[in-house]
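Subject: Handing over a model, with notes on what was found

Dear colleague,

I am passing the structure below on to you, together with my notes. Please read the two side by side.

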Amino acid sequence: MSILGLIISISLFLIAIVVVALPILRPRDITEKDDLQMQVQRDRVQVYYDRVLTNIRDLDEDHATGKIDEADYHDEREVWVHRGIRLLRVGDGLDARQSLVTGRDADADTIDEAIEAAISAYRQGAGAALHDPSPREAN
């Protein structure tokens with residue numbers, strides 16, 4: 001191999017290394033991180049919501065086949081429906097929060113805290129609703 005061929009080969013090799021390493025070494029944009037974290041949170045909420053829908057569907061099927069009595073069915077279904085509603089609100093809140101939170105404030109901990117606050121608020125509201133007799137139970 002000639003000296004010229006060796007120089008060209010080494011140059012091409014170095015260019016290939018730079019092209020491969022550049023995306024890895026380049027710092028990611030903060031908005032890309034925020035978008036990724038928000039998408040992860042949205043995906044979590046969607047998974048929980050899908051679970052709620054599956055539980056409601058299974059509960060409806062059990063009621064239709066007579067595996068569960070009427071009172072238990074209505075109580076359980078009401079609990080699962082309220083969970084689904086709350087998850088939809090959390091998902092909407094994440095979308096609204098994405099437009100409000102910028103920069104480093106939109107880390108996973110902040111989003112997790114928002115989800116936990118929404119869930120605890122739901123649990124407090126659901127706990128009070130379960131202890132108070134509803135109009136349906138009075139009939």
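What follows is an account of the chain as a whole, then of single elements and residues.

This is a predicted model, in which local features need pLDDT of at least 70 and side-chain atom pairs count only at pLDDT 80 or more, while totals for chains, interfaces and linings use all residues. Residues are numbered from 1 along each chain as its sequence is written, and side-chain values use heavy atoms, with hydrogens and water left out.

The overall picture

The protein chain contains five helices and zero strands, where helices (H or I, at least four residues) and strands (E, at least two) are DSSP runs numbered from the N terminus. Along the sequence the pattern therefore reads α-α-α-α-α. Of its 139 residues, 17% count as buried; here buried means under 20% relative accessible area, exposed over 50%, and partly exposed in between, with a 1.4 Å probe and protein chains only. The accessible surface comes to about 10,300 Å², and 60% of that belongs to carbon and sulfur atoms; these areas come from the Shrake-Rupley method with a 1.4 Å probe, and for residues only the protein chains shown count as cover. If contact is taken as heavy atoms within 4.5 Å, then among contacts between residues at least 6 apart in sequence, 74% join residues at least 24 apart.

Helix α1

Helix α1 covers residues 3–25, and its 23 residues should span 33 Å at 1.5 Å a residue, which agrees with the 32 Å between its end C-alpha atoms; the expected span is 1.5 Å times one less than the number of residues. The number of buried residues in α1 is zero, so this helix lies largely in the open. Leu4, Ile8, Leu12, Ile15 and Val19 make a nonpolar surface patch of about 510 Å². Patches are made of residues with over 30% relative accessible area and no salt bridge, like charges being joined within 9 Å and nonpolar side chains (Val, Leu, Ile, Met, Phe, Trp, Tyr) within 5 Å. Ile8, which lies in helix α1, is partly exposed at a relative accessible area of 45%.

In one, the side chains of Asp60 and Arg77 meet at 2.8 Å, N to O. That pair links distant parts of the chain, with Asp60 in helix α2 (residues 30–64) and Arg77 in helix α3 (residues 70–100), 17 residues apart. Asp60 is partly exposed at 26% relative accessibility, and Arg77 is likewise partly exposed at 29%. The other salt bridge joins the side chains of Asp58 and Arg57 at 3.9 Å, N to O, and Asp58 is partly exposed, with a relative accessible area of 32%.

Trp80 in helix α3 is buried, with a relative accessible area of 19%. Leaving aside neighbours within four places in sequence, Trp80 is in contact with Val52, Asn55, Ile56 and Leu59. The C-alpha atoms of Trp80 and Leu53 are 8.1 Å apart, although the two are 27 residues apart in sequence. Ile85, also placed in helix α3, is partly exposed at 35%, and its C-alpha atom is separated by 9.8 Å from that of Val52, 33 residues away along the chain.

Gln41 lies in helix α2 and counts as buried at 2% relative accessibility. Its side chain makes a polar contact with the side chain of Arg44 at 3.1 Å; a polar contact is a pair of N or O atoms within 3.5 Å, where within protein one must be able to donate a hydrogen and the other to accept it, and residues adjacent in sequence count only if both atoms are side-chain atoms.

With best wishes

Terms used. A salt bridge is a side-chain nitrogen of Lys or Arg within 4 Å of a carboxyl oxygen of Asp or Glu.
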